[in-house]
Amino acid sequence: LLCAAGLLIRSLDNMRHQNFGFDTRNRYILHIDPQMAGYKPTQLKALYQQLHDRLSAIPGVQQVSFSIYSPMDGDNWSEHIFVAGEPPPQPGTPRHGASWVRVTPGYFDAIGTKVVAGRAFTEQDTPTTRTVALVNRTFEKTFFKDGHAIGKYFGNRREHAGVFEVVGLTEDSNYRGPMSKIRPMYFLVQGQSAHIDDPLYHAFEDSSEYLNAVEIRTSGEVPGLDVQLRRALLRINPDLAVIDFQSFAAQVNSNFTQQEMIAKLTSLFGVLALILAS
């Protein structure tokens, strides 16, 4: 039992220190809900600009970005994938779907994920420019036979397989959990539309514009950061409440609760066995 407890503790430590494809140091995750505060989709761009300016002005804050969800926070959006110029895969096959998230420029720097080829999103990616996407390495290997994604096109509907142009490639990041297999993943920029003439799709796009996760990178420990963030939101809109605020490291560590409990129980039984044997 003591040996088993030791092995479990060592495995837990190895899981904690694996490369997740992002950096949790000096990073924090703030959750808000603009929809609950009464914001309409057409008001969101101005809101996020206000939030960005206010939060960036806090001493010690180096970067602020927004996304639908952040790595390992328990959320996941996924869609079918259709690549331009290639026959669609059979429905239900493992290579038919991918996770995705809508983000603002600066997101990858904010969470510490590297863009390994091409470019990241910029302020020049607007609703009036071409619709672009970034994909991870697993997406590139899964959906493009020649192993090269940049410059290729894909979509989430068979008849619109050429909607998104891949302009960048990111390293693989773990969004689901420490023991989950890395999924194909693509990223869209806030404000851009696929221009698909379908009321249901328009409603879907509108819902994806609500970026409830705020990623904050600091230069180090910022005293009273929680209070300063709440004060900044209060000045913008008293109805815009903080749903949750924690360090990025704490968000990741919350995924190890079950493994920690098993390791502690096994250690307890090992100690009791040692006492009985003595």
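## The largest pocket

Helix H2 contributes 6 residues to the lining of the largest pocket, the most of any element. This helix covers residues 44-56, and at least two lining residues each also come from strand S2 (61-67) and helix H5 (199-208). The model described here is a predicted one.

How many residues line the largest pocket, and which are closest to its centre? The lining has 29 residues, and Lys45, Thr104, Pro105, Gln190 and Gly191 are the closest to the centre. The volume of this pocket is about 580 Å³. Rolling a probe the size of a water molecule over the atoms is a way to show where empty space is left.

## Overall build

The protein contains 8 helices and 12 strands. Its C-alpha trace spans about 75 × 50 × 30 Å along the principal axes.

What share of the contacts with a separation of 6 or more joins residues 24 or more positions apart? The share is 78%.

## Burial and surface

The protein has 278 residues, and 45% of them count as buried. Here a residue is called buried when its relative accessible area is under 20%.

## Charges

The side chains include 26 positive and 28 negative ones. How far apart are the centres of the two sets? They lie 5 Å apart.

Terms used: Residues numbered from 1 in each chain as written. Predicted model: local features only at pLDDT ≥ 70, side-chain atom pairs only at ≥ 80, totals over all residues. Heavy atoms only, no water. Helix = DSSP H or I, 4+ residues; strand = E, 2+ residues; numbered from the N terminus. Buried < 20%, exposed > 50% of the residue type's maximum accessible area, 1.4 Å probe, protein only. Contact = heavy atoms within 4.5 Å. Lys, Arg positive; Asp, Glu negative; His and termini not counted. Charge placed at Lys NZ, Arg CZ, Asp CG, Glu CD. 1 Å grid on protein atoms, 1.4 Å probe; cavity = no way out; pocket = protein on both sides within 12 Å on 5 of 7 lines; lining within 4 Å. Points joined across faces, edges and corners; volume = space filled by probe spheres on them.
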